[in-house]
Amino acid sequence: MKPRTLADWLRKAPGLKGLVNDCQQQLQLLQLVRSRLPDPLCDHCCSASLNGSQLVLGVDSPAWSGRLRLLQGRLKLELGQLDMPIQQVKVVVIPQSALPRPPLRPAQEALSRHNAQLIQSLAEQVENPQLKQSLGRLARHRSGQ
């Protein structure tokens, strides 16, 4: 039996299906709104939801909320042309602690002993002192050192 993903389970669970659909609609709305915002403002718009004819947009800092408020009229007009009659745009600041954190960078793998020896050997043959020094530092980044 093939394991089911959490998304599959949520879609089929009674009562949760609506929640999944709402999340998908909010994500589509967010993508639509972001596509109409200039760079870099589009990267700072974190959420979008419709509450009747009110569009609620979340941004990650007060500075970006001010810039987004300046574009409310244009945004209402553009979304209205897409048959989304927006009467009001509300901009809220979402605290950083509520935003998802970017994934941590994966740990860098250390050089194997063999590769470190090859690089050290190469460093000993290079005449350029700066390159020789750089290769020597690189060779020392092996496991256990």
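This is a predicted model: local features need pLDDT of at least 70, side-chain atom pairs count only at pLDDT 80 or more; totals for chains, interfaces and linings use all residues.
Which residue takes a positive phi in the hairpin of β1 and β2? In that hairpin, where 2 residues lie between the strands, G52 takes a positive phi near 70°.

Residues are numbered from 1 along each chain as its sequence is written, and side-chain values use heavy atoms, with hydrogens and water left out.

Let me turn to the sheet. It is open, built from 3 strands in the order β1-β2-β3 with mixed pairing, where strands are DSSP runs of E with at least two residues, helices are runs of H or I with at least four, and both are numbered from the N terminus; two strands pair if DSSP finds at least two bridges between them. The edge strands, β1 and β3, each pair on one side only, and the twist averages 20° from one strand to the next. Helix α2, residues 17-35, packs on this sheet and touches β1 and β2, its direction making about 115° with that of β1; contact here means heavy atoms within 4.5 Å, and the angles run from 0 to 180 degrees between N-to-C directions, with axes fitted as lines to C-alpha atoms, for helices over the stretch in contact.

Now to the pairings of β2. Strand β1, residues 45-51, is joined to β2 by 6 bridges and runs antiparallel to it, with C45 opposite V59 and S47 opposite G58. On the β3 side, residues 88-93, there are again 6 bridges, but the two strands run parallel, and L57 stands opposite V91.

How many residues of strand β2 are buried? The count is 6 of the 6, residues 54-59, so the strand is largely enclosed by the rest of the structure, where buried means under 20% relative accessible area, exposed over 50% and partly exposed in between, with a 1.4 Å probe and protein chains only. In a regular strand the side chains alternate between the two faces of the sheet. Here both faces are covered, with Q54, V56 and G58 buried on one side and L55, L57 and V59 buried on the other.

Finally, the cysteines. The structure holds 0 disulfides, a disulfide being a pair of cysteine sulfur atoms within 2.5 Å. For C46, the nearest cysteine sulfur, that of C45, is 6.8 Å away.
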